[in-house]
Amino acid sequence: MDNKGKSKAIDDYVRTASQFHRSSGIDSGKEIWEDDAATIALGGRQRDRSLFLSFLDEQDDSKSEEESTLHNQRLPQIGDTYIDPFQPVNSCASTTNSVVKDYAELPSQIPLLNMDVVKDFRAQSSSSSSRSVLANFANMMAMQEACLRALIDPDQELSCKLWRQSPEALKNHYALDVEMACSGGHVPNINAPGNSQVNSLLQLIKNPVNQSMRLINVKGHVPALSADPIGSCFIRQKLDEATTGEIVMLYKEITPHILTLATDAFPTYVIQKLLEHGPAVYFRILIANLMGHVLDLSLHLYGCRVIQKAFEISGISQQIGMATELDSNLFKCICNQHANHAVQKCMECVQPQYIQFIYRRLCGKAKMLSTHPFGFHVVQKMLEFCKDPQIMDRFITEILDCVKELSVDPYGNYVVQYIVEHGGPRYRQIIMLKLAGSIVQMSHQKHSSKVIEKCLIYGSYHDCKLLINQILSAGGGQTADHLVGMIIHQYANCVVRQMVDVVNDWQFNVIVDVLRRNRDTLVMYAHGRQVIAQVERLLNGMAPSPDSFGQTSSSSKFV
């Protein structure tokens with residue numbers, strides 16, 4: 001039987017024993033040990049079974065002196081057996097073989113080690129007999145679980161060290177396994193009155209003297225600690241220097257409770273950090289536990305962050321699975337303040353040929369999505385990452401058909417700006433033709449003025465020339481004094497300043513003539529002084545001087 005099977009058998013035993021205790025008042029649990037669960041958990045050895053039967057009798061103080069001696073001879077072998085962390089190891093085989101296997105093959109005549117530890121344990125067991133029946137049973141179950149877990153724990157060195165320290169230390173090390181086995185897999189509440197071990201760990205973490213604490217020191221309490229702000233910060237800090245074994249430990253403790261932890265603030269930070277570390281097999285298992293819940297988590301404030309990180313690190317098969325779940329209610333996700341980030345991350349991380357089913361569903365909804373406060377972000381991601389020419393041409397055509405409406409929209413203008421910047425010369429030319437005749441009017445509006453600026457920045461020489469001529473001739477062709485109104489306007493002045501940088505010689509002379517004739521008026525406005533200073537720098541080919549901003553100087557006279 002592999003370790004996973006043994007672990008399940010141990011959990012079944014603990015739950016069964018607890019149920020017997022609650023229903024029939026069994027104190028020692030000896031009757032439970034007489035079934036096959038204990039034998040299976042320990043690898044099917046009758047000798048192991050008798051060992052723990054004697055241990056139960058010792059806990060209940062019902063054994064004779066002769067049987068107690070037998071218990072003392074065998075019990076230390078659970079933790080002490082054949083791997084001494086304080087002694088040099090002669091061969092690698094001694095560290096890799098299972099403790100269960102070694103114990104089964106050990107001759108009975110080998111002398112026992114560390115009898116003083118055994119005597120201490122006997123004293124502790126005897127002193128506990130004065131407690132209540134419930135306390136005796138709980139302590140006995142905790143110690144049995146610790147011994148069983150030590151047999152199958154890959155980290156045998158740590159188990160031996162804890163056993164040498166004290167049996168109580170070994171019991172505390174596996175306390176969460178007992179609690180979870182008895183509660184059916186519940187995450188313990190960190191604020192629960194009886195959760196004194198977690199509270200003690202938090203006090204140790206807060207103490208600046210204990211800066212040398214590592215993740216292995218909080219084994220068995222990771223889910224509860226991650227729900228605390230200090231515990232969460234401690235785990236994230238120690239992850240950067242964690243060993244592979246410690247990272248695997250975190251995965252094993254967090255994965256069973258991932259759905260609960262992913263919807264809490266502080267555990268979310270731990271999960272995101274953890275997914276950046278560790279063997280791929282473990283984060284694949286963790287992500288597999290998210291499957292079937294991707295949509296619900298994406299709609300959650302904290303869960304959407306876990307889904308985004310999962311898209312970043314998962315393989316293509318899991319990415320497609322998560323994308324399919326988002327597609328089941330795609331437009332709800334796009335229009336949600338949290339889930340839209342999951343859709344964007346899906347488009348960023350998944351190769352476009354695998355999520356064309358998402359891109360096709362967006363076709364026909366371009367205008368609606370472009371004017372939505374969350375949807376326009378998704379539209380921009382689609383324009384960036386979709387590589388199918390047919391889908392893209394259809395989608396962009398929908399946007400260009402309503403480009404004027406989108407240009408004045410608080411959100412749609414960003415979509416138009418993106419097409420002007422990244423869409424290529426053909427789409428830019430179409431946009432400028434559709435905006436022709438409304439350039440000056442749109443330059444005075446907050447959102448559409450940004451679109452005109454982008455056209456001047458990314459347009460070709462020919463396109464910019466036509467656009468500037470429309471602005472200069474908007475006054476009827478006789479004069480360009482209407483530029484004065486644009487120069488002092490809070491939005492249109494940005495268009496004029498961008499226009500000054502790209503005009504040809506004739507157009508530049510027209511602007512200079514307007515500034516010279518209206519200079520006394522323009523210097524009264526901050527925007528007017530900025531345009532004058534910009535033109536002066538171009539005329540003089542020098543950096544701006546301190547007195548050129550709003551002051552009369554030799555360079556402020558246009559020649």
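Biologist: In which helix do Lys345 and Glu348 both lie?

Modeller: First, this is a predicted model, in which local features need pLDDT of at least 70, side-chain atom pairs count only at pLDDT 80 or more, and totals for chains, interfaces and linings use all residues. Residues are numbered from 1 along each chain as its sequence is written, and side-chain values use heavy atoms, with hydrogens and water left out. Helices are DSSP runs (H or I, at least four residues), numbered from the N terminus. Lys345 and Glu348 are 3 residues apart, about one turn of the helix, and both lie in H25 (residues 339–349).

Biologist: How far apart are the closest N and O atoms of Lys345 and Glu348?

Modeller: A salt bridge requires a side-chain nitrogen of Lys or Arg within 4 Å of a carboxyl oxygen of Asp or Glu. Lys345 forms one with Glu348, and the closest N and O atoms are apart by 3.4 Å.

Biologist: Is Lys345 buried or exposed?

Modeller: The classes rest on relative accessible area: buried is under 20%, exposed over 50%, partly exposed in between (1.4 Å probe, protein chains only). Glu348 has 32% and is partly exposed. Lys345 has 14%, so Lys345 is buried.

Biologist: Which residues are linked with Lys345 and Glu348 in a network of salt bridges?

Modeller: Lys309 and Glu312 form a salt bridge at 3.3 Å, N to O, and both lie in helix H22 (residues 303–313). Lys309 is buried at 12% relative accessibility, while Glu312 is partly exposed at 39%. The network links Lys345 and Glu348 with Glu276, Lys309, Glu312 and Lys381.

Biologist: How are H34 and H37 oriented, roughly parallel or roughly antiparallel?

Modeller: Axes are lines fitted to C-alpha atoms, for helices over the stretch in contact, and angles run from 0 to 180 degrees between N-to-C directions. The axes of H34 (residues 448–458) and H37 (residues 492–502) come within 9 Å and cross at roughly 5 degrees. Angles under 35 degrees count as roughly parallel, over 145 as roughly antiparallel, 65 to 115 as roughly perpendicular and the rest as oblique. H34 and H37 are therefore roughly parallel.

Note on methods:
Helices (H or I, at least four residues) and strands (E, at least two) are DSSP runs, numbered from the N terminus.
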